[in-house]
Amino acid sequence: MRLFIPAIAALVLAAPAWAQNAPLAAQACLSCHGANGAGQGGVPGLAGRDRAELVALMAAFRANERPATIMGRITRGYSEAEIAASAEYFSRQGR
Amino acid sequence: MTTTRRALLGAAITAPALVQAQTQARLLIIGGGFGGATAANFARRTYPWLQVTLVEPKTSFVTCPYGNLVLGGFRQIADITHSYDGLRARGVTVVHDWATGIDANARSVRLQGGQSLGYDRLILSPGIALRWGAIEGYDEAAAQTMPHAWVPGDGAQTLLLRRQLEAMPDGGVVGLAIPGNPFRCPPGPYERISMIAAYLKRHKPRSKILALDAKEAFSKQGLFQDAWAALYPGMIEWVPASRDGRVVRVDPRAMEFETEFGTRHKLDVANVIPPQSAARIAADVGLTDNSGWVPVNPVTFEARAAANIHVVGDANIPGPMPKSGFVANTTAKQAVAAAAAALRGEAAPEAVYFNTCYSHVGDDYGISVVGVFRPNAEATAIVEVPNSGGVSPRGNLPDQRRLEATYADSWYASITQDMFG
């Protein structure tokens, strides 16, 4: 029976319905930027944007090197690892 | 292993439904607001192996956020009313009933209709109770004359206050009684003042707003007061506790507020936002402390008094985080993730909590406060991340104000989609 456990685990990890969910640190982004970061009204979309471009953008907001309405205040609360994981997720979403 | 079981497991590899059936655990959620609806939707999206049931007495949900825009005439009540059909379509079992009791040992919730529901993990998001009688004379009957419009229910309280504003003569006085901390939606009373002022400026410009406050200071105070001076000069008088702002008694027949030092204010429209506590079920089950709110674990949001019951939304004491819809949303997701981890015998995931409270103060004029929060190193308390968050900059910044008003609308659309979509 033990033999089957890794097989089941692999199945769970591979299942697309699970894999498409945003990491916990990126969940808050969805509450303004829309489902999967698709954008909502006047708030720009994050979905499908280049990962490196998103990371650079967030770094610029954090460093106060880019004019921000609200993103400077937000990005300074997150770690580089959380921003990288979030950028990875959004870069993989369809526009 | 028997042949039958081997065959079953073999089939499971190609049939996820069977894997789910074997591992299916029951997540029961009480309360279908910002905490509970978020929890239900997030649980179904993220952990399809969870069997999710939501208990909520109302068949549709009227949000507190944007209720002030209904008062100002910027939205209709239908614009802020949401159906549970989207959650049903996600596979959530929605039960429209009142939860009247919780048996934590038997892991069972009793419903008013007589049914009992078992659970493996419970998310409790019951909201607040208004403390009737905390202000002398303010009870449920008084609220029919002096609406609170703070627990929207079916929207009747918000619509009552709106009708009263519409019926008021030009030159009348609108009074607000505002409570001390903590209470639901810290910037809410001041957004309400702003939205009422926007309506009066347009339709009854000789009217006044008298805001009597039990506090000395309030959320985004400088930004609000800048906006009031710029947009509604001479219309709004805000009175802090130290200038006898604390309302201790109301008289709905005479339409009067009486303050701590005996000043009586005669009003044309009276909005009483009374002191609050966690909803009654939290106290009945013994989850509240002397404050009337529920202390929780900063990582799992389990009640300190009952592991396995995760308490989210305005009923808990979330450290320095405000009682806001966004905090209910962000903490509900962490609570569900912690519950799912516990069911799989894993540790709770690392937590980061997020809040933004936007307030509309006039046409194309929005302001905000942002906070990012984490458990401290010992996981004994929640703390704000240093050098992050904060309020919008002050000064004459029309582009900033216009953008924040736009972003507020996007927030409302996105978060309600995250909850109900």
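## An open sheet in chain B

In what order do the 3 strands of the open sheet in chain B lie? In this predicted model, the order is β6-β7-β8, and the pairing is antiparallel. The edges are formed by β6 (99-103) and β8 (116-118) of chain B, each of which pairs on one side only. From one strand to the next, the twist averages 20°.

Strand β7 (residues 108-111) of chain B is joined to β8(B) by 3 bridges in the antiparallel sense. Across from Ser116(B) in β8(B) stands Arg110(B).

## Two packed helices

Two packed helices are described by the angle between their axes and the distance between the axes. For helix α6 (residues 156-167) and helix α7 (residues 188-203) of chain B, the angle is about 35° and the axes are 11 Å apart. The crossing of α6(B) past α7(B) is right-handed.

On the side of α6(B), the contact is made by Leu161(B), Arg162(B), Leu165(B) and Glu166(B); on the side of α7(B), by Arg192(B), Ile196(B) and Tyr199(B). Sorted by class, this contact has 4 nonpolar and 3 charged residues, with no polar ones.

## A buried threonine in a loop

Thr63(B) belongs to the loop between β3 (60-62) and α4 (67-72) of chain B. Thr63(B) counts as buried because its relative accessibility is 1%, and buried means under 20%.

A polar atom of the Thr63(B) side chain lies 2.7 Å from the backbone oxygen of Pro65(B). Leaving aside residues up to four places away in sequence, Thr63(B) touches Phe34(B), Ile80(B), His82(B), Pro152(B), Tyr412(B) and Thr416(B).

Definitions and conventions. Residues numbered from 1 in each chain as written. Chains lettered and ligands numbered in written order. Predicted model: local features only at pLDDT ≥ 70, side-chain atom pairs only at ≥ 80, totals over all residues. Heavy atoms only, no water. Helix = DSSP H or I, 4+ residues; strand = E, 2+ residues; numbered from the N terminus. Buried < 20%, exposed > 50% of the residue type's maximum accessible area, 1.4 Å probe, protein only. Polar contact = N/O pair within 3.5 Å; in protein donor to acceptor, adjacent residues only side chain to side chain. Contact = heavy atoms within 4.5 Å. Axes fitted to C-alpha atoms, helices over the stretch in contact; angles between N-to-C directions. Left-handed = near helix turned anticlockwise from the far one by under 90°. Nonpolar A, V, L, I, M, F, W, Y, C, P; charged D, E, K, R; others polar. Pairing = 2+ DSSP bridges.
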